[in-house]
Amino acid sequence: MMTLSMACAGPRASATATDTSRQLVHETYTLGGEQPEALLVALHYSGGTPAFWNEYVKDWGAPVRVLLPQGPLPRREGFTWFAPGHEEKDEAAKLADVEQMAARVADLIREVRRAHPELRHVGVTGFSYGGDLAWLLAIRYPELVDVAVPMGSRLLGDPMRALPGTSRVRVLQGEADAIIDARKTTARVEALKVGGVPIDLLTYPGLGHDVSPELIADWRAFLRQELSGAPATQSKQD
């Protein structure tokens, strides 16, 4: 059973290329119970919409609250997270864009936590630009996030402090991705492991910049298991 418990909706035309500060449009609903202890935050790709995730969470198989933020800027038939010109920036400027948007998503997670104090376990996930945000939320806000699954992500930025022992990051990556080089992702994850980051990687032969049934099955099983575990070491209601 799905219970739609809150939505913050706004007209698509109201978003502009300079829209960087207003509250993120979002939807949140529960599956499998009225007051689940787990929160799953899912972040869509550039040009997508929050509805991208509905088919993948509908058979979740455990009680969970789903939070689906929407990128603030229109792109194609959907929305994006960063202003035009983001891809032309150098890595430091790209990271600054992701940092700014991740802070807004973190604020939204805090708001949902205040409204639903029963929540104890938080997972974030995303694909492409959404994966960039999921990664940065995990390493910048470990007091908010227990587990993260970035998919097709650039993995921009490094942890500024050691992550709690309860944190987990699993990266999912297509080996035939023409946008994200899977070899670079493999090397990046290995370097992060050496640095003590609790991270691992699953790759998918023949898969491009996309998801597949095998990837989604792994994604769902891992997050479902991790969200039934212990919460992060600090309160997520701060």
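If we ask which elements give two or more residues to the lining, they are strand 5 (73-75), helix 2 (91-115), helix 3 and helix 4 (182-194). By class, the lining of the largest pocket is made up of eleven nonpolar, ten polar and eleven charged residues.

Is Asp132 buried or exposed? With a relative accessibility of 2%, Asp132 falls under the 20% cut-off and therefore counts as buried.

Let me turn now to helix 5, residues 213-226, where a simple check on length can be made: at 1.5 Å a residue its 14 residues should span 20 Å, and because the end C-alpha atoms are 20 Å apart in the model, the two values agree. Within helix 5 the buried residues are Leu215, Ile216, Trp219, Arg220, Phe222, Leu223 and Glu226. What do the buried residues of helix 5 pack against? Their partners are helix 1 (54-57) together with strand 3 (38-43), strand 7 (121-127), strand 8 (147-151), strand 9 (168-174) and strand 10 (199-204).

Stepping back to the whole chain, there are five helices and ten strands, and buried residues make up 53% of the 238 residues. Among contacts between residues at least 6 apart in sequence, 72% join residues that are at least 24 apart.

Finally, a word on confidence. The chain averages a pLDDT of 89, and 87% of the residues score at least 70. Over residues 1-18, however, the pLDDT is below 50, although this stretch has 47 contacts in the model beyond near neighbours in sequence. Residues 230-238 also stay under 50, and for them the model has 26 contacts beyond four places in sequence. Where pLDDT is low, the predicted coordinates should not be read in detail.

How values were computed: Residues are numbered from 1 along each chain as its sequence is written. This is a predicted model: local features need pLDDT of at least 70, side-chain atom pairs count only at pLDDT 80 or more; totals for chains, interfaces and linings use all residues. Side-chain values use heavy atoms; hydrogens and water are left out. pLDDT is the predictor's confidence in each residue, from 0 to 100. Contact means heavy atoms within 4.5 Å. Buried means under 20% relative accessible area, exposed over 50%, partly exposed in between (1.4 Å probe, protein chains only). Helices (H or I, at least four residues) and strands (E, at least two) are DSSP runs, numbered from the N terminus. The expected span of a helix is 1.5 Å times one less than its number of residues. Ala, Val, Leu, Ile, Met, Phe, Trp, Tyr, Cys and Pro count as nonpolar, Asp, Glu, Lys and Arg as charged, and the others, Gly among them, as polar.
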